[in-house]
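Biologist: I've just opened this one and could use a guided tour. Shall we take it step by step?

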Amino acid sequence: MERFWNPASLDEALAILAGERDAVMPVAGGTDLVLRLRQGRYAPRALVSVRHLRAVDDGPARVEGATLVLDALAPLVDVIAAPAARTHAPELVAALATIGSPAIRNVATLAGNVANASPAADSLPPLLVLGAEVVLSRRGGSRTLPLGSFLTGPGRTARAADELLTTLRVPLVPATGRRIAAFRKFGKRRANIIASANVAARLQVVDGRLGLVRLAAGGVAATPRRLGPIEAALHGQPATADLFARVEPATLAAIDALIHPISDVRGGATFKRALVLHAIEAICARAARVAAGEEAGDDA
Amino acid sequence: MTHDLLRFTVNGREVAVDAAPDARLLDVLRESLGLTGVKEGCGEGECGACAVLLDGRLVNSCLLPAWSAAGGDVVTIEAGSTRRDLADIEAALAETGGVQCGFCSPGFVLAIAALLDANPTPTPAEVKEALSGNLCRCTGYHPILATVERLVRERTGGVA
Amino acid sequence: MSVGTSPVRVDVRPKAAGRARYVDDLALPDLLHAVLVTAPAPHGRLLALDTARAAAAPGVVAVLTASDVPGENQVGCVFPDQPLLVEDTFRFVGDRLAIVVGTTRDAAARAAKLVEVRWEALPVVTDPVAALTPESPLAHPKGNLIAHQVVRKGDVDRAFADAEVVLEGVWQAPYQEHAYLETNGVVALPGADDGVTLHVSMQAPWYVQGAVARALGLPLAAVRVIQATTGGGFGGKEDYPSEPAACAAMAARLLGRPVKLVFDRGEDITRSTKRHRVRVHLRVAARNDGTLLGSEATLHVDAGAYAGLSTVVAERANISAVGPYRIENARVDTYVVRTNNLFGGAFRGFGHPQVAFAFESMMDELALRLGMDPAELRLKNAVGPDDTALSGQPLAGSGPLRRVLEEALTASDFQARRAGFDALNRGAGPVRRGIGLGYILYGVGLHAGGQHIEGSGALVQILRDGSALVAIGGTELGQGAATVCAQIAAELLAVPLSRVRALPTDTALLPDSGPTVASRTTLLSGNAVRDAATRLRERLLPIAAELLGVHPERVVSGPGAWQDPDSGREVSTVEVAGLAWRRKLKLAESGWWAPPPKRWDTARGQGDAYLVYAAAAHVAEVEVDLLSGETRVLKVTAVHDVGRALHPEMLKGQVYGGVAQGVGYALMEDLQLKDGVPLNANFTDYLIPTALDVPDVQIVLIEEPFKDGPFGAKGVGEPSLIPCPAAVANAVSHACGVRFRELPITPERVLTATSRFMTS
């Protein structure tokens, strides 16, 4: 490697990316990238650090009209603490709190976690159920993509070499009924793990039935994804104790077209599939308890 | 090819080091600056033995590009000779059975310092969470958790 | 009094301050760095090794191979079956092909990738049972069977014929990686003569001395080995460090400069020794009332390609295979088998955790079959002081036996909790609770088969200002050996602990004291210190008596002073030592302690296997989430027969640490191999417990002084771990209502056994 750039501003960083194109990689916290560089996975000519830069002036999370805007360059610890994130994206905050360890969360960023696009990345299932869009900035402009389109394969995204992921935009959903915003990460110990599988859910229980239903699973396919057909099966259903039993046939029928887990050191394919199914089962049970008033929702 | 020296502050002292673009902060601290209290336990950011404070926050120096610390304020375990808060933590760890082989200890001292700076009265669950990125293979963690309890008691004068 | 109190350890302040220097912290002028090139596959014939490009790389000083070994190219710890550097065949992924030496580690590491290896594949032997069939390819030219060890006691066939119930099963205990925070490392310095001095992170200085002397063709006296501050061992630094040490020493000797060799984590996990994988096939014969009549065990110990210490580990597994129970009729066959898998070696417990998991599991299954409470079944069969161990060795003098079990059951409220969980688990929810027991009888010190090394020395000095120096043959790994020995010296010499200094273990100071293993250090090194310090005390006491003006028999000692209790007068240690010095008394003594020889019949596995036994019992409470398969260990109650706790807090530290390692082994430490290649040789995917994973631990120490131990102490380094995996596994099995016979009980194994989605 020949050079490590420390640009003083976002414009300067984008200018460097524009000039060097494929020869330079952006680095934020470095907690994924540094490892890959040492393993010889990449050999860029230079790195451009964005660790000190911010895309949003007044804090890592703020509401602009009907949109929650997240600064993808802010360290995860700051996003986790941001009131707007905690209020409007609790499933994302829960997920970010499971990434790595405190030391990692002090420098790691959403930009890194999302642009790295690991199939097991914990930020992705929550961002998918939130309907997030990524904003890619380049010298002279930016473009916005739905997250689902941004993720193109395991470790692959639609980011061009001269682009930087700067913000994430989450359309706010009007609150009706009781909200469930949950994230579950599965692994072999209680901290600092790469997920065997992870699942995020955003549900609304309205008059005893499921209104909004959004489910996403990670670690079980080339990219994390929404479970559309299962969402459809759940939508409108009464949130009672037999909810999962009623949708289980449809769920089982749909699941294998949606997820394609592979067997690796984090678990066998059948196991990962079972985790996703049990997660859906648990979410249904939770919805029933919330509907029955036995448990509070994750209301704002 | 000429390039600038990497400048930052370490333990209150300004330094200027000749560092390769792909050097890790860990390498610069240990090899260029002789700060061997910062340990390499795994090289993957999993064990926390390399932990330092960067601008007041705990980071794993094995994963941080050295040049990313340019202009920053780094605190290593060696600051214990001038910083009372670190010295107190070291003493408490040593006295409460929190040190056996000692290889993880510098990382834990800094993690405890970072925790108590941000949260002077943590609950047991918060303590475990804050220390969850520091691995210890000898103590089984209990004596280290007891150390933090003792420090909190001392600092709050017994009112937790 | 120092002994029996918990003063601040003698070594910990510099460690907490980051001032302690471990191997990689050592800086020397002209230091070179060595990196090893290891085998490209688990088994292959080396056709050509081309080191030219590597040798010509920037910063490289030399590339050394087998032909450069000055002495004997042999490093086998017990049997001479293992080359230091491969000559023609590599037999596991950690086998060494070349040593690349450079001015920086980076330069050497880059050059190591330039070493060209031409090789042809040989069949990879991976299954120890299959390896013993005639059709199996050979993992090693000496054949796949290293040893067959037995226990033959009573009439097993008759016992099974008379049995009212017979239970049979196979348990699989996996590898465990030590995961000491400090990887293996060594610095070797060539002397001006032909000798060499090494600073090593290690547990067995005299093993290293022997290995280096052999590889360099030197007399032992020319090799000096000094303990570096060592960041954990747990058995992983017993025999293994001899290998990188011999490499570094060879390089230092040939190049005339100091050489440092330190492994990174991936190298360390791949190359160094592991807890053995053991397959345990058990058959148990009993009466309907729960009386055990007989037991049969067949163990397959996967040694890897080289014998290393595997026969010694197997010896302990062999004699511990059927638990702390009265069994008159037993047949144990332990096969130590070569494969091309990873290198099996010592790890805290040394074969016992694996067999304890199996047999304690079997006991629970037997209880289930008989409709008996698992605690009752154990109480019924537990050995007492009038009984003998499996080896036939009488247990009188081995302290509390049943009492350890009884205390564990009481302290954990076992039966009530169990009944409560049974009721809870009958409910519909996915969260289950379980409680499990692990009960063991541990033989302290080296097995009779190792008695030719069971002796340990010490050096004790009192100086003219009343301070003291202690050097022991045991090594300080973090477990507190230096402190406990300093306490013994402090106690006997009337010196406050703060004025005692412990020296790093050094082969130049002491005779061969054996390895720091087998929970023997307090016993052996402690007794050696007691030996030396007692002679010094006998020299000081008359001086104190003279200064006090009383008869020597009246004098007692405390920290820093000698007293006449009748008058209350005292004289300081400083004064006594000063006067002893002025009178030119001998103020240094060397100590030695070796237990009397043990009679042992290898053909039948009968005799006095160990110096003494120590019982231990752990009770684990767990919560299992059947939707995720995740287990949380909520609590472990640990009861230990310790003889005497010389430093209670430090001893408890061993228990906390042992429980954490036991929980890890039971639930999450999953070293995965594919055809002899490890898939997760890193801390990202080989998971050890974090602070969030350890249970609450309640410790009960039972002190019945052991007559031959220093101040009555026994040993706890290994018993603190051994019963834990068994207890956790039994608890998870109880919670789930299914029996787990393979560790670790990962979420995947739980779901495989319990989830309807694992079959559809």
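**Where the chains meet**

Biologist: How many residues does the contact take from chain C and from chain B?

Modeller: This is a predicted model, where local features need pLDDT of at least 70, side-chain atom pairs count only at pLDDT 80 or more, and totals for chains, interfaces and linings use all residues. Residues are numbered from 1 along each chain as its sequence is written, while chains are lettered from A and ligands numbered from 1 in the order in which they are written. Two residues are in contact if their C-beta atoms, placed from the backbone, lie within 7 Å. On that basis chain B gives 39 residues and chain C gives 40 residues.

Biologist: Which element supplies the largest share of the side of chain C that touches chain B?

Modeller: Helices here are DSSP runs of H or I with at least four residues, strands are E runs of at least two, and both are numbered from the N terminus. Two elements of chain C, α1 (12–16) and α16 (648–667), each supply at least two residues of that side. The largest share, seven residues, comes from α16(C).

Biologist: And which strand gives the most to the side of chain B that touches chain A?

Modeller: That contact takes 22 residues from chain A and 21 residues from chain B. With four residues, the top contributor on the chain B side is strand β4 (residues 57–60).

**Inside chain C**

Biologist: How far apart do the C-alpha centres of domain 2 and domain 3 of chain C lie?

Modeller: The bounds come from an automatic or database domain assignment. It gives domain 1 (26–122 + 184–262), domain 2 (274–448 + 602–758) and domain 3 (455–593) in chain C. In chain C, 18 residues of domain 2 are in contact with 15 residues of domain 3. The C-alpha centres of these two domains lie 38 Å apart.

**A look at chain A**

Biologist: Why call chain A as compact as a globular protein of that length?

Modeller: Chain A has twelve helices and 14 strands. The radius of gyration is taken over C-alpha atoms, and the globule rule is 2.2 Å times the number of residues to the power 0.38. Chain A counts as that compact because the rule gives 19 Å for 300 residues, and its radius of gyration is close to that, at 19 Å.
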